[in-house]
Amino acid sequence: MGGPSGVIYSGLPVVVFVLANALGGLSAGIWSAVAFAAALAVFRLIRKEPVQPAVSGLFGVAVAAGVAYWTGSAKDFFLLNIWQSLICAVLVLLTVVLRRPLVGLVWNALNGAGQAWRRDRVSLRAYDIATLVLVAVFTARFVVQQWLYDGDHTGWLAFARIAMGYPLMALAVLVMLWAVRRSKKSLAAQQSPAHG
């Protein structure tokens, strides 16, 4: 997720866009945000920081700026991010409905832990809860930002995008950590000699 610097790097181009748009109009906002994101990418490369967040951040800002330019509306800078939240909410919810909660799938795949967690009710329930928290994060982002978008509140859209980005995801990560610990404890209890 890029840590504290990732939070700053992802939020600054949005702030630059809103300020430049307010001071100089849409074109100034678009070019300022893209130039600033490019400068951040170069800065990260010079500091030998991971390249992927820099490139994806620049790409995201360029696409958002392109949409705003194409439609001629500053609020459309936020449009793709708003709908991305809804799509993520639906897809993540689908993993719970299919009894393969995303948090459990990803965690156990990354750690080579196999599929034992799927047969353990405690683990499955914990991963369901953690995954549903992710659904709530994505849903909240969509609902709030779509409401601000519909009301033409471009400045508040920028604030909501930043405030509902990493801070909300950090809370979701805490729930994910709880789910992982709960699952590990439950699976370890089942494998102990006393259980057999």
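## Exercises on an all-helix chain

The largest share of the nonpolar patch, 5 residues, comes from α4. The model used here is predicted, with local features needing pLDDT of at least 70, side-chain atom pairs counting only at pLDDT 80 or more, and totals for chains, interfaces and linings using all residues. Residues are numbered from 1 along each chain as its sequence is written, and side-chain values use heavy atoms, leaving out hydrogens and water.

**Exercise 1.** Find how many helices and strands the chain has.

*Solution.* Start with the terms: helices (H or I, at least four residues) and strands (E, at least two) are DSSP runs, numbered from the N terminus. The chain has 9 helices and 0 strands. Next, take the extent: along its principal axes, the C-alpha trace spans about 70 × 40 × 20 Å.

**Exercise 2.** Name the residues of the nonpolar surface patch, and classify Leu93 by its accessible area.

*Solution.* Patch residues have over 30% relative accessible area and no salt bridge, with nonpolar side chains (Val, Leu, Ile, Met, Phe, Trp, Tyr) joined within 5 Å and like charges within 9 Å. A salt bridge puts a side-chain nitrogen of Lys or Arg within 4 Å of a carboxyl oxygen of Asp or Glu. Areas come from the Shrake-Rupley method with a 1.4 Å probe, and for residues only the protein chains shown count as cover. The members are Ile87, Leu91, Leu93, Leu94, Val97, Leu98 and Leu132, with about 640 Å² of accessible area together. Now look at Leu93, which sits in helix α4. Leu93 is partly exposed because its relative accessible area is 37%; buried means under 20%, exposed over 50%, and partly exposed in between.

**Exercise 3.** Work out why Trp83 counts as partly exposed.

*Solution.* First place Trp83 in helix α4 (residues 79-97). Its relative accessibility is 40%, so Trp83 counts as partly exposed. For scale, the C-alpha atoms of Trp83 and Arg99 are separated by 25 Å, at 16 residues apart along the chain.

**Exercise 4.** Identify the residues that touch the most other members of the largest nonpolar core.

*Solution.* Such a core is a set of buried Ala, Val, Leu, Ile, Met, Phe, Trp, Tyr and Cys residues joined through side-chain atoms within 4.5 Å. Of the 21 residues in the largest one, Phe17, Phe77, Phe78, Ile82 and Leu157 touch the most other members. At least two residues each are supplied by α1 (3-24), α2 (26-46), α3 (51-71), α7 and α8 (154-163). The largest share, 4 residues, comes from α3.

Notes:
Buried < 20%, exposed > 50% of the residue type's maximum accessible area, 1.4 Å probe, protein only.
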